[in-house]
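Biologist: I am new to reading models. Can we go through one together, feature by feature?

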Amino acid sequence: MEEELLDQLVSGFGILVTWVAAGAKFWSFCQYRHSEKRKKVATYATYVCLVLLVANILRILFRFGRYFETVLLWQSIVMICTMLAMLNLCTDVRVASELSTKRRSFIVTDGKDEEVRVHKRLFLDFDWNYFWLWSRFMDYVQCVLAFTLVAAYLTYLLLDSTLFVETLGFLAVFTEAMLGTPQLYCNHQNKSTEGMSVKMVLMWTSGDTFKTVYFLLTQAPVQFWTCGLLQVLVDFAILFQVYYYSRYPQKPASHTVSHTSSAKAL
């Protein structure tokens with residue numbers, strides 16, 4: 001009876017982790033949606049989605065070679081759905097911003113407010129200069145499906161290889177764990193965290209902490225909790241930077257350009 005109750009509590013905790021982690025990432029973009037630099041923010045956010053989509057797709061494929069808790073599988077599914085919804089938002093914001101910029105430029109040069117069109121960039125154009133900067137949400141879906149099919153086929157062929165399976169699991173969680181390092185490095189270079197939201201960073205830290213604790217409680221594969229601990233350490237390092245640079249402001253380097261956000265911040 002006690003074991004069943006404990007299992008239910010752990011399962012409930014896992015579901016909470018799923019929604020906290022996904023909700024934190026989705027909310028972090030929504031709070032920036034109407035910022036002055038929304039085109040730049042939306043571009044960063046799309047790359048965050050790319051990293052998290054790749055990480056969670058690989059995690060799902062890893063389960064075919066190494067079993068882990070069903071709740072963790074649902075966590076990846078929820079995260080994928082959340083990132084796709086976020087991509088849809090990002091695409092709308094970026095395209096609207098590009099259209100607005102072109103319209104203002106057109107009015108200034110020609111003095112007329114006529115219809116302005118933005119050249120569409122499509123996935124099937126296979127133009128690497130605009131990879132992951134497409135004009136339609138459907139192009140992102142096509143790319144995700146193509147990646148999933150290729151990765152699934154390779155997994156099917158190499159499923160009997162222990163080295164491949166373990167490497168797949170490591171790549172899945174290590175990719176997500178490294179999501180905060182660009183922000184950490186950017187803050188260090190700029191000697192500032194200006195433009196970052198403390199609440200946002202706290203939400204990321206809370207989600208990653210809950211997730212790592214759940215990995216430990218459920219005795220998830222070693223790749224999960226080791227990379228989870230690494231991710232939490234990066235989060236706390238960013239929190240320390242926010243505290244330190246706000247309490248002891250540093251003069252930014254003259255050659256460094258300050259960013260209001262980065263991949264992890266979104």
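Biologist: Which residues does the UniProt annotation "transmembrane region" cover?

Modeller: The unreviewed UniProt entry lists residues 12-29, 41-62, 74-95, 140-159 and 222-245. Such annotations may be inferred rather than shown by experiment. A word on the model: it is predicted, so local features need pLDDT of at least 70 and side-chain atom pairs pLDDT 80 or more, while totals for chains, interfaces and linings use all residues. Residues are numbered from 1 along each chain as its sequence is written, and side-chain values use heavy atoms, without hydrogens and water.

Biologist: How much of residues 74-95 is helix, and how much is strand?

Modeller: Helices (H or I, at least four residues) and strands (E, at least two) are DSSP runs, numbered from the N terminus. Residues 74-95 are 100% helix and 0% strand, with end C-alpha atoms 32 Å apart. Residues 222-245 are also 100% helix and 0% strand. Their end C-alpha atoms lie 35 Å apart.

Biologist: What should helix H7 span?

Modeller: The expected span is 1.5 Å times one less than the number of residues. H7 (residues 198-217) has 20 residues, so it should span 28 Å; its end C-alpha atoms are 28 Å apart, which agrees. After H7 comes glutamine 219, with a positive phi near 55 degrees.

Biologist: Why does the pair of phenylalanine 170 and phenylalanine 174 count as stacked?

Modeller: Rings of Phe, Tyr and Trp (its six-membered ring) pair if their centres lie within 6.5 Å; planes under 30 degrees apart count as stacked, over 60 as edge-to-face and the rest as tilted. The whole structure has 14 aromatic pairs. In this one, the ring centres are 5.0 Å apart and the planes are at 15 degrees, so the pair is stacked. Both residues lie in helix H5 (residues 162-177), 4 residues apart, about one turn. An α-helix has 3.6 residues a turn, so residues three or four places apart point the same way.

Biologist: Where is the largest pocket, and which residues lie nearest its centre?

Modeller: On a 1 Å grid over the protein atoms alone, a pocket is an open set of points where a 1.4 Å probe fits, with protein on both sides within 12 Å along at least five of seven lines; lining residues have an atom within 4 Å of a point. Here 16 residues line the largest pocket, and Phe123, Trp128, Phe131, Trp134 and Cys143 lie nearest its centre. Helix H2 (38-65) and helix H4 (137-157) each supply at least two lining residues. Ring pairs also link Phe123, Phe126, Trp128, Phe131, Trp132, Trp134 and Tyr140 into a cluster.
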